[in-house]
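Hi,

Here is the model I promised to pass on.

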Amino acid sequence: MTITEALKSLTAYPMPAASLVNIAEEAGIEPQATADAEARASKGFKKAKALLYFFLAEAPNVSQGGISYSFSEDERSRFKKRAEALLKEIGDDDPALGVNIGGYIGEDF
């Protein structure tokens, strides 16, 4: 499994492939690297997970293939708190994180 596949496995939301690549690169990890146990325990992967959760906290509600994906305000708040906790864990609590990780473009990875 690659880093982008591992990130994709964290949510059923239809994440655009470009956003997953962008998230990995923003976190300083190679998107196509193998997501072995060591890689998943790394600060870079934890940062990528945080960026993914920031993405989900702001993601639009969408319908794709007859399935609707939507998050309540409570769920969005939990995504943001989870992201902030991961960043705190790795000592990287830059408030600007998550700002430029891409948006939904209608492509399922």
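First, a word on naming: helices (H or I, at least four residues) and strands (E, at least two) are DSSP runs, numbered from the N terminus. This is a predicted model, so local features need pLDDT of at least 70 and side-chain atom pairs count only at pLDDT 80 or more, while totals for chains, interfaces and linings use all residues. Residues are numbered from 1 along each chain as its sequence is written, and side-chain values use heavy atoms, with hydrogens and water left out.

**Overall**

The protein chain has five helices and two strands, in the order α-α-α-α-β-β-α from the N terminus. Of its 109 residues, 40% are buried (buried means under 20% relative accessible area, exposed over 50%, partly exposed in between, with a 1.4 Å probe and protein chains only). Taking the contacts with a separation of 6 or more, 72% are between residues 24 or more positions apart; a contact here means heavy atoms within 4.5 Å.

**Helix α5**

Helix α5 covers residues 73–90, 18 residues in total, and spans 26 Å from first C-alpha to last, close to the 26 Å expected at 1.5 Å a residue (the expected span is 1.5 Å times one less than the number of residues). Its buried residues are R76, F79, A83, L86, L87 and I90. They sit on the same side of α5 because they cover an arc of only 100° around the axis, the arc being that of the directions from the helix axis to the C-beta atoms. Just after the helix, G91 has a positive phi of about 75°.

What do the buried residues of α5 pack against? Their partner is α4 (43–58). The axes of α4 and α5 come within 8 Å and cross at roughly 160° (axes are lines fitted to C-alpha atoms, for helices over the stretch in contact, and angles run from 0 to 180 degrees between N-to-C directions). The two are therefore roughly antiparallel: angles under 35 degrees count as roughly parallel, over 145 as roughly antiparallel, 65 to 115 as roughly perpendicular and the rest as oblique. The crossing of α4 and α5 is left-handed, meaning that the near helix is turned anticlockwise from the far one by less than a right angle, with clockwise being right-handed. Among the residues that meet there are Y53, F54 and A57 in α4, and F79, A83 and L87 in α5.

**Helix α2**

Helix α2 (residues 17–26) packs with α4 too, at an angle of about 135° and with the axes 8 Å apart, so α2 and α4 are oblique to each other. This crossing is right-handed. S19, L20, I23 and E26 in α2 meet K47, A48, L51, L52 and F55 in α4. L51 is buried, with a relative accessible area of 1%. L51 and E84 are 33 residues apart in sequence, and their C-alphas are 9.4 Å apart in space.

The buried residues of α2 are A17, S19, L20, I23 and A24. Their arc around the axis is only 165°, which puts them on the same side of α2, and they pack against α1 (3–8) and α4. Just after α2, G28 takes a positive phi of about 80°.

Cheers
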